[in-house]
Structures are given as structure tokens and as C-alpha cells.
Amino acid sequence: MMNSKLESAKRKRVKTEEEYSDEHSEHKPLCKYGETCYQKNSYHLQKFRHPHRDPLVKPELELQEKSDESITCLMSSGSTGMKEQETPAESNSTSSSVTAEHGIDYQESKGDDRELVHSPLDVKENIKQKFLVEMPDDFYQFWTFCQSICQQNTLGKREKFELVGPFELLDQTQKESKPKDKSDHLLTQWQFYYDPPEFQTIMVGDLSKGYHIGYFRDAPNEMPAFVGSNTESEGCVLTPMSDNLFSAVGQLISMTVKKVDPFKKSQLTSLKKQLEDWANKNGILIEPQNQILEKRKKLMVAKTFYECGIVVPVSKKTKVGYRKIPETNANIKKMCKKIVESQNLVEQNRNSDAIQELVTYVQYANDESDYGMGLELGLDLLAFGGEVFHPIILHLLGVAYELLERKEFFVILKKHLNNRRRLATAENEN
């Protein structure tokens with residue numbers, strides 16, 4: 001049944017593209033993307049010439065035949081459980097910085113919404129183009145594992161975990177459907193209030209508490225340093241769980257088993273065995289969490305309010321790259337608290353003097369190539385929370401990401417601060 005549907009869709013698409021090919025004339029302008037253009041939009045194909053597309057039969061994406069529905073094993077793919085969030089219009093200064101400098105090209109449409117001009121047929125490149133980072137092997141392996149079991153609502157309503165973010169795009173790509181959201185919105189759709197640009201949500205749990213799991217990267221051009229979790233309603237702390245998604249989900253199942261009834265416990269135990277067997281068969285290591293934490297401690301130069309630390313290049317010979325903020329974390333939190341609780345602007349400015357002094361120290365550190373200090377202070381302010389800190393955060397992290405060659409993180413940061421909101425939906429919070 002599914003094969004016949006695929007053949008029908010394939011014939012329909014080829015026919016449509018051939019029609020566009022017949023209609024094009026030499027009077028039409030050439031597509032500026034040349035042979036790299038993968039646009040399928042009828043308006044685009046009619047407006048611009050694509051000589052390289054004759055004949056126009058393109059390779060098909062390899063589809064899994066086990067299911068043509070969203071994969072819902074121990075978690076469900078899709079954004080159910082969360083209300084649609086509208087992205088407000090962004091300023092021209094923001095949009096201009098997200099262009100060729102970052103290898104991304106946007107097309108203006110009605111209003112201020114932006115969408116990618118084309119979506120590469122290569123799945124990995126498509127995800128990288130839209131999320132500005134490359135996904136690790138365990139991401140795709142986990143998707144294959146989910147497709148291999150296809151169990152519905154295993155954890156029940158309260159314990160259900162949903163695959164989101166890049167998984168949603170992967171699901172839509174394999175179904176050959178268009179993404180539901182504009183490309184700008186994809187970057188921050190599942191970015192919770194405290195999440196830094198380094199953290200990318202790929203799974204959500206109890207949204208009343210804002211529990212979510214994601215990949216943490218020290219640099220956008222690197223693979224994730226670890227898979228971690230955060231509970232928004234409990235604060236900013238990011239907890240490293242494992243170095244791959246299989247191990248992290250295994251821990252998640254172990255924690256959930258303790259909270260469910262005997263019937264669900266049996267289901268989860270069986271599911272965990274399936275996961276571990278699949279991981280072992282494919283050479284994926286499932287390490288204890290304490291080993292991951294020990295590895296992380298050896299690499300990080302500062303703990304930050306997130307407690308998972310930051311990693312920056314530091315010369316072994318000269319020790320240049322990071323210098324400690326001349327203030328304790330406890331005192332910085334007290335400074336921030338006074339600013340947030342200020343009764344008026346005059347009091348707020350007065351209470352901000354101590355933070356401004358630290359910003360001055362950061363400028364000195366940057367002049368001497370100790371870029372990690374600005375990264376640490378900027379992330380601390382982001383982790384503390386409060387719109388009053390947004391201008392300082394943009395300044396500190398903008399410079400830090402530029403100097404550390406992590407510009408993609410600044411793109412994500414600006415979009416996050418432009419629409420920063422709490423996704424936890426607890427009704428009984430005090």
C-alpha cells in the first residue's frame with residue numbers, strides 16, 4: 001500500500017516539474033543559485049530558469065517502509081502538548097546579520113517572516129542549514145531505532161516524551177512535507193527560558209515543569225559535548241546525562257520506572273532492554289552518568305551558573321585564553337538580584353555599577369586574548385534571567401562568540417532574546 005503511494009507521488013512530482021521545464025523561456029532570469037538550487041516551489045520554478053534540471057527527475061529520499069506515521073515509541077514526534085508560539089517581527093539589524101556571513105540565505109516574504117530559499121535533498125545538510133549545527137551519528141541512529149519499534153504512548157500521558165526540533169524536521173523531510181514553521185522560528189521554537197545557544201532541545205517531557213533534553217555543544221562546528229537535561233521551573237542548571245542519546249534515554253527510562261504502576265513498569269523494562277540490545281548490536285556505548293561528569297570537569301575552565309561549565313582554547317604554555325572573573329558566583333547572583341528587584345530606574349542604574357565594573361574587566365581580558373571571561377559572565381547573566389540584562393548579554397556574548405569564532409551561537413542568541421518566554425505551563429506554581 002505504502003509503495004503504491006510513493007510511486008504515485010513520485011510520478012506526480014516528476015510530471016509537474018516537467019511541465020515547469022517546458023514552460024521556461026530564455027527570457028526568464030537565471031536562478032542565482034545555479035546548480036545548487038533545490039527549490040521545488042512552483043512559483044520559483046516558473047519565475048527562474050534552471051537549465052541544469054533537464055531532465056528533471058531527482059533522486060528520491062530513502063524512506064523507511066515500516067511506518068508512514070510520526071514515530072512514537074517512548075516519545076512522540078511532533079509539537080503536541082505545547083501551544084503555538086508566534087515569533088514577533090525582528091528588526092532589520094537582526095536580519096542583516098543572518099546572511100552570507102553565516103552561510104545562510106533568506107528570502108523576504110510578506111511581513112517580516114523569513115523562509116529558506118531552498119531545502120537541500122541531503123537530509124543532514126538540510127538540518128544543518130536550518131539549525132546551524134551538524135547532528136551527531138547517534139541522532140540518526142536513535143531515529144532508526146524508534147522506527148524499528150513504533151510503540152504508541154509507552155509512557156502514558158504524564159510521562160510521555162516527544163521528539164522535537166531537528167527530529168520534527170527529519171520526520172517532515174522523510175515524508176516529503178514542508179516544514180510547519182519559518183526557518184527563523186525553527187532555531188528557537190523549543191528553546192526554553194534559561195537555555196543558552198549552546199543547548200539544543202531534541203526531546204521534551206512534562207511541559208508543566210518544562211523538562212527537556214538536548215545536545216550541548218561548546219562550539220557550533222563541533223559535535224555535542226554531551227546530552228543534558230534541564231527543568232525550566234527549577235532554574236537554569238543543565239545536567240550532563242551522557243555522551244549519546246541512547247545512554248541518556250536509558251537513564252530516563254530508569255528514572256521513570258520508579259514512578260509508574262506495575263503494568264507500565266513492565267513495558268518500560270522491556271523497552272529499555274530493546275534500546276540496550278539495539279545499542280550493543282550497533283556498537284553504541286552506554287556509559288554511567290558519573291563517567292560523563294568526570295570527563296566534563298577535566299575539560300571545563302569555569303562552572304558558570306549552568307554548572308555544566310564552559311570550554312575555551314587555553315594555551316598550555318602561556319595560559320592565555322581564560323581568566324577568572326574577580327568575583328564569586330554567589331556575589332554575582334546577589335548583584336543581579338539587586339538589579340532585578342530595583343524599585344525604579346535610578347536605583348537600578350546605581351545597583352548596576354558593580355556589574356558594569358565586571359564588564360570593564362572583561363574588556364581588559366579581551367584585549368589580552370582571554371576570551372573565556374566574557375563568555376562566562378555573559379552566560380551567567382543569561383542563566384540568572386531578567387530582560388534588564390539583555391543588552392549586556394548581547395554585548396558580552398556578541399564579542400565572545402565573535403572572538404571565539406562561534407558566530408552561529410550569536411544568531412541563535414539574538415532570536416532567543418527577541419522572543420524569550422517560559423515554556424513551562426504549570427498551573428499550580430506559587
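Modeller: Strands (E, at least two residues) and helices (H or I, at least four) are DSSP runs, numbered from the N terminus. Two strands pair if DSSP finds at least two bridges between them. The model is a predicted one, in which local features need pLDDT of at least 70 and side-chain atom pairs count only at pLDDT 80 or more, while totals for chains, interfaces and linings use all residues. Residues are numbered from 1 along each chain as its sequence is written, and side-chain values use heavy atoms, with hydrogens and water left out.

Biologist: How many bridges join E5 to E6, and in which sense do the strands run?

Modeller: E5 and E6 (residues 211-216) run antiparallel and are joined by 5 bridges. They form a hairpin with 6 residues between them, and Gly 210 in the turn has a positive phi of about 75 degrees. Strand E4 (residues 161-163) is also antiparallel to E5, with 2 bridges; here Leu 163 has Met 203 of E5 as its bridge partner.

Biologist: How many bridges join E6 to E7, and over how many does E7 pair with E8?

Modeller: E6 and E7 run antiparallel with 6 bridges between them, and Tyr 215 has Val 227 in E7 as its bridge partner. E7 then pairs with strand E8 (residues 239-242) over 3 bridges, again in the antiparallel sense. In that pairing, Ser 229 is partnered by Thr 239 of E8.

Biologist: How should I read the side chains of a strand?

Modeller: In a regular strand the side chains alternate between the two faces of the sheet. In E7, Phe 226, Gly 228 and Asn 230 point one way, and Val 227, Ser 229 and Thr 231 point the other way. All of these residues are buried, where buried means under 20% relative accessible area, exposed means over 50%, and partly exposed lies in between (1.4 Å probe, protein chains only). Because 6 of the 6 residues of E7 (residues 226-231) are buried, the strand is largely enclosed by the rest of the structure. E5 is mostly covered as well, with 6 of its 6 residues buried.

Biologist: Which residues are in contact with Gly 214, leaving aside its neighbours within four places in sequence?

Modeller: Contact means heavy atoms within 4.5 Å. With those neighbours left aside, Gly 214 is in contact with Phe 199, Gln 200, Thr 201, Ile 202, Phe 226, Val 227 and Gly 228. Gly 214 lies in E6 and is buried, with a relative accessible area of 0%. Its C-alpha atom is separated by 6.3 Å from that of Phe 199, 15 residues apart along the chain.

Biologist: Which residues lie nearest the centre of the largest cavity?

Modeller: Of the 20 residues lining the largest cavity, Phe 131, Leu 187, Phe 199, Gln 200 and Thr 201 lie nearest its centre. Helix H8 (183-188), strand E5 (199-204) and helix H17 (407-418) each supply at least two residues of the lining. Phe 131 belongs to helix H4 (residues 123-131), where the buried residues are Val 123, Asn 126, Ile 127, Gln 129, Lys 130 and Phe 131.

Biologist: Finally, is Thr 304 buried or exposed, and what is its phi?

Modeller: Thr 304 counts as buried, at 3% relative accessibility, and its phi is near 65 degrees, a positive value in a residue other than glycine. Thr 304 is found in the loop between helix H11 (289-299) and helix H12 (329-340). Glu 307 is found in the loop between H11 and H12 too, and has a positive phi of about 70 degrees although it is not a glycine. Glu 307, however, is partly exposed, with a relative accessible area of 41%.

Definitions and conventions:
On a 1 Å grid over the protein atoms alone, a cavity is a set of points where a 1.4 Å probe fits but cannot get out, and a pocket is an open set with protein on both sides within 12 Å along at least five of seven lines; lining residues have an atom within 4 Å of a point.
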